[in-house]
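Please open the model in your viewer and follow along, one selection at a time. We will start with a pair of helices and widen the view from there.

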Amino acid sequence: MRAIYTLCPDPDSAQHLVDSLRLASLDLGFTENHIVVVSGEPYEGYDFSDRYAKSYMFPLAAVGGLVGGTCGYLLTTLTQKAYPLVTGGMPITPAWTNGIIVYELTMLGAILTTLVYLFLAAPLPTFGSHLTDPEIWEGKILVGVADPPEASAARIEKMFLQAGASDLRRFPSSAAR
Amino acid sequence: MEKTPTQIQHDLLRPMFHSSKRYWIAVALASCLVLAGVCTFLYQVYTGIGIWGLNSPVFWAFDITNFVFWIGISHAGTLISAILRLANATWRRPVTRCAEAITVFAVSIGAIIPVCHIGRPWLAYYLIPYPSERHIWPNFRSPLAWDFFAIITYLTGSTTFLLLPMIPDWAAVRDTATGLRKKIYGTLCLGWQGTPRQWHRLETAMHVMAIAIVPVAVSVHTIVSWDFAMTPVPMWRSTIFGPYFVVGAIFSGIAGLILAMALLRHFLHLEDYLEPIHFQNLGKLLLTMSLLWFYFTFAERLTTWYGNEPSEMAVFWTTIRQNFAPMFWTMVVCNFIIPVPILAIKKLRTITGTCIASTTIVIGMWIERFLIIVPALEHKYLPYAYGHYRPTWAEITLMASSFGFMFLLYLLFAKFVPVISVWEMKAGLHHPAATPHASRVITVPAGSDLDDNPLPGNV
């Protein structure tokens with residue numbers, strides 16, 4: 001992966017730069033998907049961040065809970081029917097006590113589904129090389145263009161500089177210019 | 001003065017890179033306790049569980065006391081952290097990870113204790129539901145099987161709840177460390193990059209987890225209480241046991257959390273992060289729980305006394321004014337008489353004050369667990385079946401070892417993980433903007449001269 005990027009000191013300037021890149025993207029031969037923002041902390045209330053806020057995690061967790069609960073129900077009832085204990089007239093499959101297992105497995109299903117969805121949607125893990133810079137952990141926000149077209153790389157750099165980026169960098173060789 | 005992100009990063013990652021001599025002395029002491037426990041356990045496996053003081057009719061004593069105590073301590077973390085997250089309490093940021101770590105370690109220790117108790121630990125897998133070739137299945141009507149499911153769920157949820165917010169911090173270590181450390185944390189952080197998509201998914205996942213973990217935490221200690229409440233033993237068959245145990249668990253949990261925070265603050269020099277306000281706020285919670293605990297204890301004793309049922313009164317009087325009276329009144333002093341004034345008077349609700357109150361509460365709550373279990377078992381319905389229990393060196397060693405193990409796990413945790421969430425502290429520096437900034441899109445056509453529209457910041 002190659003990239004041209006700069007480090008913005010605050011989210012306002014990052015948003016400004018992202019907006020500029022979006023406007024210029026068609027002209028410079030890349031799409032919005034090539035614009036990368038990387039930060040060391042989450043930001044809310046900015047379009048570069050909030051456009052990714054929508055997710056299906058809550059309904060999927062509920063579905064996971066239903067699956068877990070169904071597994072709990074089947075585990076208890078099928079087990080009890082497979083080897084019916086002598087219960088002295090009490091029910092072979094008691095709803096009250098089985099309900100506890102069903103409840104716990106419902107919650108376990110929801111938790112595991114959330115975890116799996118997080119890993120798929122984030123996505124994690126990714127062990128290949130990815131665009132980052134140690135300075136993001138000092139509060140700066142990386143804004144860049146991933147895999148810029150060779151033909152327009154120079155124009156993209158010029159656009160960054162014209163937009164006020166004094167510290168333009170390249171990935172993988174992140175030597176400051 | 002407000003800290004910068006760089007300062008926060010430096011301060012909170014420092015304990016991972018530099019450890020004092022005191023730290024290693026503490027690790028050595030805790031390791032000695034753990035070693036003593038391991039040796040005792042091996043001796044017990046070799047000779048049999050007869051080296052414990054258990055006898056008819058007291059088949060549960062120190063071990064189950066420790067089990068209930070540690071599961072209770074575990075309620076400090078995930079439950080409090082989850083509630084504070086859901087309430088979006090801003091002061092939670094330095095507290096949550098310390099708390100979540102307590103949960104994971106305490107539940108793990110709690111889960112080990114039944115394995116010790118069964119005497120033949122290599123048969124512990126009998127608890128796991130699997131299709132046995134002998135067609136012997138776990139009995140899902142047994143509270144012990146409920147314990148298995150509850151603890152597995154709670155441990156899974158709590159571990160996830162602890163580990164997920166660590167991923168970005170491990171990425172920070174990866175990007176700042178060198179050598180082997182860089183490789184290890186590079187693997188641990190799963191290739192975390194820090195894109196907005198990842199941040200949103202992580203925060204949403206934490207939100208879902210927080211919602212799921214609160215009822216699980218409540219259910220776990222309710223189920224632990226049902227280990228007793230489902231048994232026809234005097235003063236055990238009580239509908240109040242569920243909430244009584246949950247309140248006691250949260251009570252002891254907060255006390256444990258305050259002590260852990262105070263130790264971290266002192267040994268890791270985190271005075272700028274774990275501030276007096278955190279101890280004051282937790283102190284207020286502790287005060288509430290102390291009053292609630294007293295209410296439940298009073299309600300339980302009152303209904304027993306009013307009912308005047310002979311078998312229950314035998315247990316009642318043995319705790320109030322006979323053999324176990326010194327322990328009972330020590331418990332009341334530790335859980336109510338000492339902490340309430342300290343926590344109620346603002347001038348006394350200092351770091352030292354909350355630590356003193358927490359120490360007495362941890363002691364008092366351990367005694368409470370013991371008093372729930374042993375006096376009742378010693379005085380089952382028929383007087384000829386009464387017995388007497390006295391702990392042996394093996395049980396005391398295993399108990400001390402469990403405390404040492406907790407201490408050791410926490411020390412090692414502080415060495416390998418930032419004990420305060422770095423990214424959450426940084427996120428606390430800025431407040432979300434009131435309105436979206438999408439409207440700030442530059443309106444000049446692409447390709448035109450952008451010099452007239454410099455970035456708002458010094459890029």
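This is a predicted model: local features need pLDDT of at least 70, side-chain atom pairs count only at pLDDT 80 or more; totals for chains, interfaces and linings use all residues.

From H4(A), pick residues including A:Ile100, A:Tyr103, A:Met107, A:Ile111 and A:Leu118. From H9(B), the partners include B:Leu202, B:Val208, B:Met209, B:Val216 and B:Ile223. Colour this helix–helix contact by class and you will find 15 nonpolar, two polar and two charged residues.

Next, zoom out to the whole contact between the chains, to which chain B gives 65 residues and chain A gives 74 residues. On the side of chain B that touches chain A, select the elements that give two or more residues: H1 (5–17), H6 (143–163), H7 (166–176), H9 (196–229) and H17 (422–427). Which of them gives the largest share? That is H9(B), with 17 residues. By class, this side of chain B has 34 nonpolar, 22 polar and nine charged residues.

Last stop: colour chain A by domain. Domain 1 takes in 3–53 + 126–171, and domain 2 takes in 57–121. Taken over C-alpha atoms, the centres of these two domains of chain A are 46 Å apart.

Conventions
Residues are numbered from 1 along each chain as its sequence is written. Chains are lettered from A and ligands numbered from 1 in the order in which they are written. Two residues are in contact if their C-beta atoms, placed from the backbone, lie within 7 Å. Helices (H or I, at least four residues) and strands (E, at least two) are DSSP runs, numbered from the N terminus. Ala, Val, Leu, Ile, Met, Phe, Trp, Tyr, Cys and Pro count as nonpolar, Asp, Glu, Lys and Arg as charged, and the others, Gly among them, as polar. Domain bounds come from an automatic or database domain assignment.
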